Amino acid sequence: MELKAVPIQTALNNEEIRYSQVWEDFRCVEHALSFEPQSRHLVIGSAGCNVFNTLLSGANVDVVDLSRAQLALIELKAVAIQLLRYEE
């Protein structure tokens with residue numbers, strides 16, 4: 001198998017990047033990074049699970065993602081958490 005480096009924008013333009021699914025256990029991430037209250041972390045948005053778990057640790061979060069839809073989903077979830085009851 002040959003591995004070649006392709007600039008990310010080229011890969012996106014050629015639709016070579018389709019979808020990535022990652023199932024990490026946030027407890028491992030939290031242990032490895034030792035989050036502290038008021039610390040600041042850059043987190044890949046994805047569906048927002050690591051974003052919200054990092055926020056629960058008391059840390060500050062800057063979120064990035066290539067997909068504007070994923071970022072919009074995280075914003076929607078944040079508003080839902082603030083305005084809705086768990087049952088809703």
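Trainee: Before we start, what should I keep in mind about numbering and the predicted model?

Mentor: Residues are numbered from 1 along each chain as its sequence is written. This is a predicted model, where local features need pLDDT of at least 70, side-chain atom pairs count only at pLDDT 80 or more, and totals for chains, interfaces and linings use all residues, while side-chain values use heavy atoms, with hydrogens and water left out.

Trainee: Good. How many helices and strands does the protein chain have?

Mentor: There are 4 helices and 2 strands, and from the N terminus on they run α-α-β-α-β-α. The names rest on DSSP runs numbered from the N terminus: helices are H or I with at least four residues, strands are E with at least two.

Trainee: Why is Gly45 called buried?

Mentor: Buried means under 20% relative accessible area, exposed means over 50%, and partly exposed is in between (1.4 Å probe, protein chains only). Gly45 has a relative accessible area of 2%, so Gly45 is buried. You will find Gly45 in the loop between β1 and α3.

Trainee: Which residues of helix α3 are buried, and what covers them?

Mentor: Helix α3 spans residues 49-56, and its buried residues are Asn50, Val51, Phe52 and Thr54. Their cover includes α2, β1, β2 and α4 (68-83). Just after α3, Gly58 takes a positive phi of about 95°. For the protein chain as a whole, 18% of the 88 residues count as buried.

Trainee: On to charges. Why is the pair Arg40 and Asp62 called a salt bridge?

Mentor: A salt bridge is a side-chain nitrogen of Lys or Arg within 4 Å of a carboxyl oxygen of Asp or Glu. The N to O distance between Arg40 and Asp62 is 2.9 Å, so the pair meets the cut-off. This pair links distant parts of the chain, with Arg40 in strand β1 and Asp62 in strand β2, 22 residues apart. Arg40 is exposed at 54%, whereas Asp62 is partly exposed at 33%.

Trainee: How do you know that Arg85 and Glu87 also count, at 3.8 Å?

Mentor: Their N to O distance of 3.8 Å is still within 4 Å, and therefore the pair is a salt bridge. Arg85 is exposed at 56% relative accessibility, and Glu87 is exposed at 64%. Asp25 and Arg27 form another salt bridge, at 2.7 Å, and the structure holds 3 salt bridges.

Trainee: What about disulfides: how many are there?

Mentor: A disulfide is a pair of cysteine sulfur atoms within 2.5 Å, and the structure holds 0 of them. Cys28 is exposed, with a relative accessible area of 52%, and Cys49 is exposed at 54%.

Trainee: What makes the nonpolar surface patch, and why can Val64 belong to it?

Mentor: Leu42, Ile44 and Val64 make this patch of about 320 Å². Patches are made of residues with over 30% relative accessible area and no salt bridge; like charges are joined within 9 Å, nonpolar side chains (Val, Leu, Ile, Met, Phe, Trp, Tyr) within 5 Å. Val64, in strand β2 (residues 60-64), is partly exposed at 38%, so Val64 passes the area cut-off. Accessible areas come from the Shrake-Rupley method with a 1.4 Å probe, and for residues only the protein chains shown count as cover.

Trainee: Last one: is Pro37 buried or exposed?

Mentor: Pro37 has 61% relative accessibility, which is over 50%, so Pro37 counts as exposed. Pro37 lies in the loop between α2 (26-33) and β1 (40-44), and touches Ser57 and Gly58, not counting residues up to four places away in sequence.

Definitions and conventions. Contact = heavy atoms within 4.5 Å.
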